There are 2 protein chains.
Amino acid sequence: MKELGGRTPLEAATKPALNSIAKDGICGIIDPIAPGITPGSDTATLAMLGYDPLKVYSGRGALEAAGSGVEVLPGDVAFRCNFATVDTSLVVLDRRAGRIANEDASKLAESLRKVSLQKSLNVKFLFKNTVQHRAALVIHGPNLSSAVSDSDPEVAGKRILKVKPLDASSEARRTARVVNALMEEFRKVLKDHVVNKERAKRGLPEANMVLCRGAGTIPKIDTLQKKFGIKPACVAAVSLIKGVCKVAGMDLINVKGATGTPETDYMAKAKATVRALKTHDFVLLHVKATDVASHDGDVRLKIEVIEKIDRMLGYIIDRIDTDATHLAVTADHTTSLITRNHEGDPVPVVITGPYVRRDQVVEFGERTCAEGGLNRIRGLNLMPILMNLTGKAKKFGA
Amino acid sequence: MKELGGRTPLEAATKPALNSIAKDGICGIIDPIAPGITPGSDTATLAMLGYDPLKVYSGRGALEAAGSGVEVLPGDVAFRCNFATVDTSLVVLDRRAGRIANEDASKLAESLRKVSLQKSLNVKFLFKNTVQHRAALVIHGPNLSSAVSDSDPEVAGKRILKVKPLDASSEARRTARVVNALMEEFRKVLKDHVVNKERAKRGLPEANMVLCRGAGTIPKIDTLQKKFGIKPACVAAVSLIKGVCKVAGMDLINVKGATGTPETDYMAKAKATVRALKTHDFVLLHVKATDVASHDGDVRLKIEVIEKIDRMLGYIIDRIDTDATHLAVTADHTTSLITRNHEGDPVPVVITGPYVRRDQVVEFGERTCAEGGLNRIRGLNLMPILMNLTGKAKKFGA
């Protein structure tokens, strides 16, 4: 950043805890997927948990649904949904129905769950609102496929789209038929719903349609327990991250005050992490706030969030048995304050704990870590490195 | 080199422009293919343009033919050819027919193009001489295969070889039959050609046979335009490099005075590059001369060439908008002055431009760059890294 004298927010932040572990540990840089490849949070987190996203990633919908507490089984097809406002000819006026309040969305979702589809379609569905206009839809039944298009036109001013099969399979045709039938039934329920009548009275956009996108299935992966013989847990607030962790077989620890925003309760997450370490071999503590600050282009906020994370880390370091615990700090991807988007640059990493090969790096930053003893690794390498350090690795060969 | 006090020619050369971008940019080392693997110019250039040569490389013949201006279509089989001198029992006396002049070779090629094969073979062919004794042959027709052996015995004193199928397919058998028939027809035309009669009078070796080798097909790859959404161009003199660039969908810019030798017009290439940057998103400027100097084992020449490249680079740096342009300098492979051959050592790289993570390296060299912020990457990583820096990358995941 020019305004930081050419430094990054991480370089500019005051971060005694991060620097102390950089000094004690081994540093490096990580390409979450591969050099120059811009990751999503889902693909990057899969990689950093030891799963090759190029092989197992199957769309965001199913992961987000799983993370929001909706059960997604192998074979189910899941969608990310929005409550939206449409006019009588189904042209989208507001893709977020005025960012409808959770309370209104909950009431509408409750009604939608009562919709019954023709028996001949032979499917069940789950529908759950999450935050504001956001919701998850899971279709359950035989012979379904995620190869179907979105009903969400992605921009206001366009008519909603008919969901179409994306390949010639009978499963894709069947799934498209089911989703279109469901969207039609949803429309009937929402059109004259009492919640919408009240919203109209209050001058608020009616949530009179559901848009769906990102059809996906659950990745078929071995749990971390099976892969590495560990009992893992996750402290995260964001549905997408929780979904990845759930699919990886991790216990999801819900923390009061953890919001996935810069106002999250960092210390509550730190405490939950320290507690979880008493009952689990491996705990992933995820903070979304740095990403949010960058998406908003807010340099000051990003530095502030990093400094809060540093204090959170300080709390944890003071309370874990550093002679028996390995600690890794990294990011699932870079989010640029300039482009306000994810970027394909490598992220810094530090690992501390017994018998790491301590290097000469004394500051945790993008450029200082590039000079560290881990050199440049891939996201997919991180778990095997940690499992090796903690003695959980199995030998390949004799 | 012992005579350079243990330094490499790059380390010993005076190179203010290279050093200035090393200071401004981020440095590293690249394994063109993989650590320790000795690349060809074709496989390395494919990799550095973002194509995995282990997956797409299908022989030099087709690439060189494409680069020399012969059209090669998917399904065609192309060969690298030499005009050669053979005796009456077809023993090769000179594989290069005394490095026959372009003028003589052109006249012979013109006659060879008139050869007509049996209709029943159902093929067409293109034959074009390039530089001196070198030529390209492309066979076009249904059911062809590149799984055929060479007619070139590789050394003088041996009889020319019959082209044989290298697998049991009917396509390979058919292709061998076609090439053998063509070589026989070529021999008939060349044996008593007026050009050869005149060469004999002047005491020059007759170009009385064509040798072919390196059967290949065109790699089936997406263009750079399709892969990255860029409009790419290439400034190169060497047919093989031009062929790779053509297959990658790049506009080939021919520069007067660009020869692919140490006597090439460096400044003409620099000017063409600066011009091309006004109409293209991406320009590859390739200089062959360092490779030539090493193949010849000429230390002084190599240093001289590096210093000329440095001045060429200086010209370019002074004329591009460094706030809006990313510049990468690297090599497609190492060529050793000791072995006079390509080697599998990594090559240095530097990238400058907006928002690169500037490191502490201040000199462009094999060993200094190894301490840079890019660490050690693969040839295949270079384009994704550049596309990420220039905002052309697409996100993988959500």
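Modeller: Two strands count as paired if DSSP finds at least two bridges between them, where strands are DSSP runs (E) of at least two residues and helices are runs (H or I) of at least four, both numbered from the N terminus. This is a predicted model, in which local features need pLDDT of at least 70 and side-chain atom pairs count only at pLDDT 80 or more, while totals for chains, interfaces and linings use all residues. Residues are numbered from 1 along each chain as its sequence is written, chains are lettered from A and ligands numbered from 1 in the order in which they are written, and side-chain values use heavy atoms, with hydrogens and water left out.

Biologist: Do strand 7 and strand 8 of chain B pair in the parallel or the antiparallel sense?

Modeller: Three strands of chain B form an open sheet in the order 8-7-9, with strand 8 (251–252) and strand 9 (282–285) as its edges, each pairing on one side only. In this sheet A233(B) stands opposite D251(B) of strand 8. Strand 7 (residues 232–235) and strand 8 of chain B are joined over two bridges, and their sense is parallel.

Biologist: Which residue in strand 14 of chain A stands opposite I30(A)?

Modeller: An open sheet of four strands in chain A has the order 11-14-1-15 and mixed pairing. Within it, strand 1 (residues 26–31) and strand 14 (residues 347–352) of chain A pair in the antiparallel sense over five bridges. The residue of strand 14 that stands opposite I30(A) is V347(A).

Biologist: How are helix 5 and helix 10 of chain B oriented, roughly parallel or roughly perpendicular to each other?

Modeller: Axes are lines fitted to C-alpha atoms, for helices over the stretch in contact (heavy atoms within 4.5 Å), and angles run from 0 to 180 degrees between N-to-C directions. Angles under 35 degrees count as roughly parallel, over 145 as roughly antiparallel, 65 to 115 as roughly perpendicular and the rest as oblique. The axes of helix 5 (residues 60–67) and helix 10 (residues 239–247) of chain B come within 6 Å and cross at roughly 90 degrees. Helix 5 and helix 10 of chain B are therefore roughly perpendicular.

Biologist: Which residues of chain A lose the most area to chain B?

Modeller: In this interface, 30 residues of chain A are in contact with 19 residues of chain B. The two chains bury about 2000 Å² between them, which is the accessible area (1.4 Å probe) lost on being put together, summed over both. Together accounting for 25% of what the chain A side buries, the residues that lose the most are T38(A), R367(A) and R376(A).
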